[in-house]
Structures are given as structure tokens and as C-alpha cells.
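Please go through the sequence and structure shown below. A short briefing on them follows, grouped by topic.

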Amino acid sequence: METLREFERDLGEMREYYSQGKTKEASWRKSQLKGLLTLLKEKEGDILNALMQDLGKHQVETFRDEIGTSIKTLNLALESLREWMSGRKAKLPQIALLTRLSLEPMIGALAAGNTVVLKPSELAPASASLLATAISTYLDNKAVKVIQAVKHLTPVTLELGGKCPAVLDSLSSSWDIKVAVKRIVYGKYGCCAGQACIAIDYILVEKKFTRTVVELMKSMIKEMFGENPKESHSIARIINKQHLLRLKNLLKDPHVDASTVYGGSVDEDNLFIEPTILVDPPLQAEIMTDEIFGPLLPIITLEKIEDSIQFINSKPKALAIYCFTKNKTLQRRMISETSSGSVTFNDTIIQYAADTLPFGGVGGSGFGRYHGKFSFDTFSHEKAIARRSFLTEFWFRFPPWNNHKFQLLASSFNFDYLGLVLVILA
Amino acid sequence: MGSVEKETKVFDSEAASSMVKELRDEFMSGKTRSYEWRVTQLKNILKMSEDREQDIVKALHSDLAKPEFESSIYEISMLKNACTLAIKKLKQWMKPEKVKTSLTSFPSSAEIVSEPLGVVLVISPWNYPFLLSIDPVVGAIASGNAVVLKPSEIASATSSLLAKLVREYLDNSLIRVVEGAAAETSALLEQKWDKICYTGNGRVGRIVMAAAAKHLTPVLLELGGKCPAVVDSSINLKVAARRIVAGKWGCNSGQTCVAVDYILATKDVALKLVDALKHELEGFYGKNQLESKDLSRIVNSNHFARLTKLLDEDKVSGKIVHGGERDKANLKIAPTILLDVPQDSLIMNEEIFGPLLPIFTVEKVENSFDVINSGTKPLAAYLFTDNKKLKEQFVMAVSAGGLLINDTVMHVILLSFNF
């Protein structure tokens, strides 16, 4: 456990190292990115184990969400680094403090030439301690540090996410409906058991469609997680007791409990909550006012699907809106009449994997963005450089002022080249 | 809209809150989303700047004794250009940007759509009170936001003119001006905005950011700093001196965020530079520079007192090599040059924001970069040199908002010149 004084000393050393200029070199940045790639390849087994330990997350899910995406980003960064660093912009790195489990922000910070302090979540202790040892082995210790716990240093956690809604329109083709429900089920329970900032929080459907959706969901859940999801090892656990009790509490409200149509069982000892579906819990209940962050899926029914826009707007801006529809008008309206970090049509979560799309929130879901080149830009200052020669001069920009100079400058500002020439010729 | 009543009532937290609510409701009606609404407001701003140029010049002269030339060119023309550009490009800016997708997101298409943030607050400073008020407002309107502008009370004539012009020319249901000082600004900062744009000093910048943090409101902070100009040997000293004079005293008497704050040079270059500067100053402002009509005055007695304090500090008062004269009644300080000031003097540690130019001497010109980096990052940094290697070192080593080689301030105006 570091003391504040030790941390400050470390930070001072890092600033000193940074000011020597090493991290600005392309070769250093490449070496760090390659180091991370090697880390991910050589420590893959350890990472998979750590996440199983912290979250009961299945190896495939871990690979998909944590290792696979990072490898993809690292390859992109290595490939594009020269381009990002060159040409019209001069990137000016700094020192970045990162407090996430994901390597994604760190990749951007290193690509942009920063020194980095990484503070992984203490809620996932196996992963945190693995990161600490692995990073010190594979990366430049003078520039990248992992701190696990600092006495007297109060971490500031901005829990930004919001309630990400999925709007499910009545789709005519049964194939489309199946695909939509499958993607919704995976976008909730298959995403760290709903404990993800972009996991679906709740669904909006038309009343007449509800029964179909519920039945389909039940069968999809069985298909993906088996008759006994706890034994399937295909769904993550709740991170800790505190969050499990928080989720259990959401279901305690009798009206909420009454609205449960599937699941609902909680295994405190094993930190497991089974995939749960609710239909129309009261809107003032906590389950509908707070971000759920767990495997409980409320379905809110509406008269018409267009009402979903107003419903979404009645809540703080979410990180992601999902909309399953082929109706072009609804799609257009969803884009222009709501505000969110992103809008994804006819799928869930995949926007996260698209490097060319910025990932970030707005309003209550946060600000700033990263992924792909946006990560590089986020950790850079784009410094404007202008150069002039001593030879060419516009004498009329210097005092003493007179009307002649005034006219010349006025012409210049109006791009009135002819006028400029005429005034000069007087 | 009862605007006369608003002027006589106290603008407190309650008034601020209900104003923000009104604007938010109007914003939610979708009015600002259309191209037509945005382009109409922008055209009205352009019209306002053209029709009322004389009123604006008069107000700026009243507030700052700003020469008509500076007002017309630096404030009004620049603002008109920003407006014209926005009008020209708006359709293009509003279009979604298509982006490539790859296998990891499966067969799909993707694009980036720009949408307005909502209701934004612009707080502007006293030194370019017209330009720095309306320029951010142009941006806010172009991107489809509702805007509240709080101009600086220190430039009071411009503040009240702005309130009047915005009422007359723009859509009051979505664009407002709130006049006032600390109390009114605090009332505004208590509200939840979707973005705050603040231009001014670092002290108040921290207050703004702290207030914004309570609502997780993103901020744009245009602050300042000590913008250094490094002067190398073997350059055309006459031209450099002329450009330094223009970028110091020709910019609101040094009261500009990107004005040259201080100079770094080796001793022998410094001595030659002082002569060159004296020569150019006389060419620009005549022999009696304190009285020149081509120079702005100091904005108010507080700042006058602050600047004279910098000059009167013991370790510095003997270092004046040019100027130093003051006229308290008219709030004027003559262009002043100081040579060899100690690094721990007040004038070398605070942003000067006035017509005093200290020259700090270094052993080798390369040492300048360490001196610059030992302070907080400035908004701009300037280098005068013909040495290619030095230019490269400068770009790599110095972190600042913007860098300009062989000129001053032009990088801000460059867009307008477009030559």
C-alpha cells in the first residue's frame, strides 16, 4: 500500500522522465504498444483466470471483450502511429491518469506519447494485481505505473453510463424478430451480466407485441444459458456482495416483485442472479430511476412505438440508445429527436468495436471520447504552428494609423483583392 | 418579453433558474435544429455588425480608448469573417460524417452526427469585448444551441450595447444577454448548462470549472499565460522588432491573451533588440508615446494599480530602459521596456496584460526553452530565428496553445487574411 508521499514522489519522477523527451519518440511509443501486445499474448491464460476469479466471467466473454478488443486496438495503433504523429498536427502529450479495467484508454495515452498512471478498480482485485505485475514486466517502468491502493488518496469515481434503452419495434418478419431478441438478450445478459456501461438497461415495446417478445426472450435465455444458467458458466457473476444486495433490493419493492415474469432468484453466497425479466414495473421505482447495472431487464410497454422518443427524453442522456426497427422515419426521428453518446440500429454493443466511431457520452453520461484515433486525439494537445518569412510584409498592419491603411486592411478582410489593388494604386 | 422589467429586477439564482428553464423548453421545441433558424441568426449577426459598426467602435473607445482602427479591424472585421465562414460552411458542417466499418463490427454502416448540446453559457472578457462575446456565440448558434451571453461588466459600454443589439437583432426566445458582475455571474454558474465557454484569467477559470463540475458540465476555457517571444541572433532585427511592437503594444496596449508577454534573448541580442524596439516604437507612436491616440489605455484603475505595482517593485524599477511614464488620470502607461529583470520578480511571474515588456537574458538561446517550460503552459509562444534546427527544437520542446515562428499574433488572424 503506497502512501500519498510515495505516490507524489513517483509522480515527480514520472514528470522528470517525461520532460527528458523519451516518450515523445515514435520508437518508444511503438515499444510500449508492442510490449502490451506481448503481455496480452503471453499472459492470456492468467488474464482469463483473473477475470473468472473476479467476475465469474467465462473465458470466451473475457477474450471477446477484454483481450480481443485490446489486440485489435493495439494493431490499429501500431499500424497508424506514424500517420497519427505526422503531418499537419504536432501532438503534445502529457501525463494521463486512468482508472479503468480496460486497456483501451492506456493504449491511446501511450500512442500519444504520455506517461501513464493506471489505477485499476479495487473491486476486481485479481485483475488489478495481475495488471500491476504484468505491466511492470512488459512496459517501461519509468513511464507507466500501476497503483493499487494509496492511503489517504480518495479515488474520484465518475459512475457515468445512464440507462441505455433498447427500442423494439414490431418487426414483420419472424426471422428479424428472432435476430433482434437474440441480440437484445446477449446485449443484456451476455455482457458481464448487464454490468456494462453500454449494456441494455431496459426495453421499450408496443403493448400488443409484449407477449411475443417475452416468450421469445425466455426461449433465447434457455438457448444461450441453458436450463440452469448458474451452472452454464456462460454468464458472469455480480462483482461483489454490495452490488448484489443493491440489485436484490431493486426487486424488493412489492410492485416491482409483482412485475417479474421470469427469473428473479438470487444466490447470495455465489454472487449469482439469474437472468430476470420484468414487465412494466412502476416508473418511480428505483429499478426505473437508477442505472440497473445487472441482469434485470424491465420491459416498458407503450401504446405506439413512437412514444419511446418522449420516454427516452424524460430521462438523463444515456451513453447508448439501441433501436430495432426497419421504419426509416422512426430511425430519422430517433437520431434527430434524442440525444445520447451513440445510437445503434438493429444490434447492440457493436458500436463499441468500431474504431472509426467515437466512444463517449453527453450530458449525464459524460463528456470526452476515445477509441481508435479518438483515443490518440484525446490524450493529445493539437498545437497550432504557424511560420512566417521575414521577407513578405503587409506594411499597412502597423501604426501610425491612417485612412489609407484602414482601407487596405478592410479590403483584405473582405477578400476584396481588386479593391486592395486599387487602394494600393490609389 | 418584459425585458425592461428584467433590467430593474435583481438577477438572482431564482431568476437565472427560470431563464434557463425557459430557454431549455424553447430548445426542446426543436426550433434551433433547422438550418433556416441558424442561418437567419448568423445573417442577423452579420447585419448587426455592419449596420451598427459606429456604435460598436464608440462603445469600445469609451471602454478602452481603443483606436477606431483596432476596433474595426481586430474586432468587427474578424467577427464578420467568422460569421461569413459559418454561413458559407453551415450546410457542410451539419451533414453527418460517414466513417468506414470493419469486420469487427460485422456488415454495417456508420456515421458521426453532430447535434447541439442544448443551452450554453458564454462568459466573455473586457479586452476584446465585442469579438470575444459574439465569436463564441456564432459557434454556439451555428451548432444549434440556445445561448446566454454574460459580457464583462468592466467593459460596461460594450456590455450594455451588446444587450441592446442582441435584443434588437436576434431571436430572444433562444439568445439572451445577462449583464452584471460577480453576483449575477454566480447566479448563472449555479445553474445546469450543457456547456460553458469562459474567456479570461486562470483564477476565475478555476471557479468556473469547479462550478461546472457540480453538474458535470463540460467547459471551454480560453485563458492566457505569459506568452514568450524568443529572439535569436542573425535575424532581420528591424522586421522582428516591428512585429514584436505590433504584437505587444499594437494589441490593446498588451492587454491581449496572445500578446507578447516577455522576451528571451542572449545579452548581446537583447541590447541590439532594445535599440531596434525603441526605433520602431517611435515610428509607430511618435516621440511622445504616452499621448499617442493610436494606443489603447489601461482598462480601469484596478489594472492600472496592478501594472504600476509591477513597475515599482524594487528589483525591477531600476531596469527600465525605455518608457515608464504614467498618466493616472487618463489611465495611460507609456510603452515600457525593461532589461535583465530577475526571474523571481513579480513581472516575470504574473501575466502582465499591459504595455510593459521585460527582456530576460539567457546564456545561450537554447536555454530559453527551459525557462518557458518552467512556468505554466502559455496560450502562445513566439520564436524569431533563421536557424532551422532551433525552429525544430522549439516546436518539439515548447508546449503552448499555439506557436508562431518569425511573427506575433498573426496565427490568430491568419484565417482572416488567407493570403
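This is a predicted model: local features need pLDDT of at least 70, side-chain atom pairs count only at pLDDT 80 or more; totals for chains, interfaces and linings use all residues.

Residues are numbered from 1 along each chain as its sequence is written, chains are lettered from A and ligands numbered from 1 in the order in which they are written, and side-chain values use heavy atoms, leaving out hydrogens and water.

**Chain A overall**
- Chain A contains 17 helices and 16 strands; helices (H or I, at least four residues) and strands (E, at least two) are DSSP runs, numbered from the N terminus.
- Of the 426 residues in chain A, 54% are buried, where buried means under 20% relative accessible area, exposed over 50% and partly exposed in between (1.4 Å probe, protein chains only).
- Among contacts in chain A with a separation of 6 or more, 66% are between residues 24 or more positions apart; a contact means heavy atoms within 4.5 Å.
- The domain assignment gives chain A domain 1 (4-157), domain 2 (165-365) and domain 3 (395-425), with bounds that come from an automatic or database domain assignment.
- Between domain 2 of chain A and domain 3 of chain A, the C-alpha centres lie 64 Å apart.

**Chain B overall**
- Chain B has 16 helices and 16 strands, and buried residues make up 57% of its 419 residues.
- The C-alpha trace of chain B spans about 65 × 65 × 40 Å along its principal axes.
- In chain B, 72% of the contacts with a separation of 6 or more link residues 24 or more positions apart.
- Chain B exposes about 17,800 Å², and carbon and sulfur atoms supply 54% of that area.

**Backbone geometry**
- Most residues other than glycine have a negative phi, and most peptide bonds are trans.
- A:P399 and A:P400 are joined by a cis peptide bond with omega of about 5°, and A:P400 is in the loop between β16 (381-387) and α16 (403-413) of chain A.
- A:F293 is not a glycine, yet has a positive phi of about 60°; A:F293 sits in the loop between α12 (286-289) and β11 (296-302) of chain A and counts as partly exposed because its relative accessibility is 23%.
- B:N406, also not a glycine, has a positive phi of about 70°; B:N406 is in the loop between β16 (402-405) and α16 (410-417) of chain B and counts as buried because its relative accessibility is 2%.

**Buried helix positions**
- A:V213 belongs to helix α8 (residues 210-225) of chain A and, at 1% relative accessibility, counts as buried.
- Apart from neighbours within four places in sequence, A:V213 contacts A:L168, A:V205 and A:I299.
- In helix α8 (residues 182-189) of chain B, the buried residues are B:E184, B:T185, B:A187, B:L188 and B:L189.
- The cover over the buried residues of α8(B) includes α2 (13-28), β3 (119-123), β4 (146-150), β6 (195-199) and α9 (202-214) of chain B.

Terms used
Accessible areas come from the Shrake-Rupley method with a 1.4 Å probe; for residues, only the protein chains shown count as cover.
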